[in-house]
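Dear colleague,

I am passing on the structure below, and after it you will find notes on what came out of the analysis. Please read them alongside the coordinates.

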Amino acid sequence: MPQRGAATAGSSIGAARWHPIRSKRAEPPAWTAALADGEDAGFFGPGSAVWTVNGALPTLVAGIRALLLQTLHPGAMAGVHDWSRYREDPLARLDGTVRWVAVTTFGDRRDATAASAFVSRLHEHVTGTYVDATGIERDYAANDAELLRWVHDAFTEAFLGAHELWGGPIPGGPDAYVREWAQAGRLMGVPDPPTTVEALHAEMAAFLVGAKRDARVVEAVGFLRRPGLPGLTGRLYPILFGGAVASLEPEHRDLLGLRRPRWPAITLTRMVLALARRALGPTSPSERNARSRVARLADAAGE
């Protein structure tokens with residue numbers, strides 16, 4: 001939740017590329033046009049694993065999966081409970097998250113760095129205390145390295161896992177995505193983020209030893225199940241939520257107190273994503289503007 005009052009950085013209910021409440025005819029957010037400007041191709045660029053994963057429609061499900069995972073750290077959950085306005089204004093939170101992911105993914109290096117610095121400044125006041133899984137009261141701060149690492153790991157695992165289920169091939173394979181997206185973690189202040197799938201899974205397993213499912217987690221999961229989104233999005237969302245739950249590792253579902261849907265959630269989610277691709281097109285305004293920037297820079301360099 002890269003937004004005021006949030007204790008995470010990089011999670012979303014939506015996607016880096018797609019805003020799930022926008023139709024094909026709707027005007028894209030004004031900030032997407034700025035992605036056509038800039039001085040370089042960014043930290044990733046066309047053909048990268050990050051552009052492939054963060055620029056694909058499975059991120060619509062990955063965002064939900066990431067938020068579900070992130071509730072399992074009691075410090076992160078305390079920050080969300082104490083400071084976030086997700087219950088009152090979930091779409092504002094979504095807008096901020098989509099912007100951070102899109103600019104980090106598709107923007108030039110200066111803008112990506114500035115976007116992450118902006119989020120870090122918003123998180124400076126997000127502090128408090130929580131009771132850990134052993135009953136000990138601990139302090140938390142949204143910009144603490146431990147919480148930043150957990151949020152980064154959960155995001156990476158969720159986006160990679162969703163893409164492996166519903167997306168296409170990843171240039172360089174899954175390890176390439178983890179290695180490349182580690183740069184986003186560094187921009188947010190994560191020291192030495194994992195750069196392989198094996199290291200990522202090992203870190204997450206170590207974190208989840210201290211997972212705690214309490215009333216705050218139950219409340220957050222209940223909200224994610226029924227966030228009250230408007231229109232067609234609200235009607236399709238239960239399928240995406242079911243797909244996110246079905247995509248989780250069994251031990252993660254158990255920790256969250258969730259059951260895999262009895263209906264074919266993976267297949268129905270694939271159908272919804274296929275329909276969304278037909279309605280929205282193969283690339284988002286963010287990616288199109290970023291490609292325009294890269295082409296302009298190549299022309300200027302005489303390539």
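Is the crossing of H2 and H6 left-handed or right-handed? It is right-handed, where left-handed would mean that the near helix is turned anticlockwise from the far one by less than a right angle, and right-handed that it is turned clockwise. Before the details, please note that this is a predicted model, in which local features need pLDDT of at least 70 and side-chain atom pairs count only at pLDDT 80 or more, while totals for chains, interfaces and linings use all residues. Residues are numbered from 1 along each chain as its sequence is written, and side-chain values use heavy atoms, with hydrogens and water left out.

On confidence, the mean pLDDT of the chain (the predictor's confidence in each residue, from 0 to 100) is 87, and 87% of the residues reach 70 or more. Over residues 1-25 the pLDDT is below 50, although this stretch has 117 contacts in the model beyond near neighbours in sequence, a contact being heavy atoms within 4.5 Å. Where pLDDT is low, the predicted coordinates should not be read in detail.

The chain has 13 helices and two strands, taken as DSSP runs numbered from the N terminus (helices H or I, at least four residues; strands E, at least two).

To return to the helix pair, the axes of H2 (residues 59-70) and H6 (residues 145-166) come within 8 Å and cross at roughly 140°, the axes being lines fitted to C-alpha atoms over the stretch in contact, with angles from 0 to 180 degrees between N-to-C directions. Residues meeting there include Ala 62, Ala 66 and Leu 69 in H2, and Trp 150, Ala 154 and Ala 158 in H6.

Buried residues (under 20% relative accessible area, with exposed over 50% and partly exposed in between, using a 1.4 Å probe and protein chains only) make up 54% of the 303 residues. Leaving aside neighbours within four places in sequence, Trp 181 is in contact with residues including Phe 44, Trp 100 and Phe 155.

Finally, Gly 257, in the loop between helix H11 (250-256) and helix H12 (265-280), is partly exposed, with a relative accessible area of 44%.
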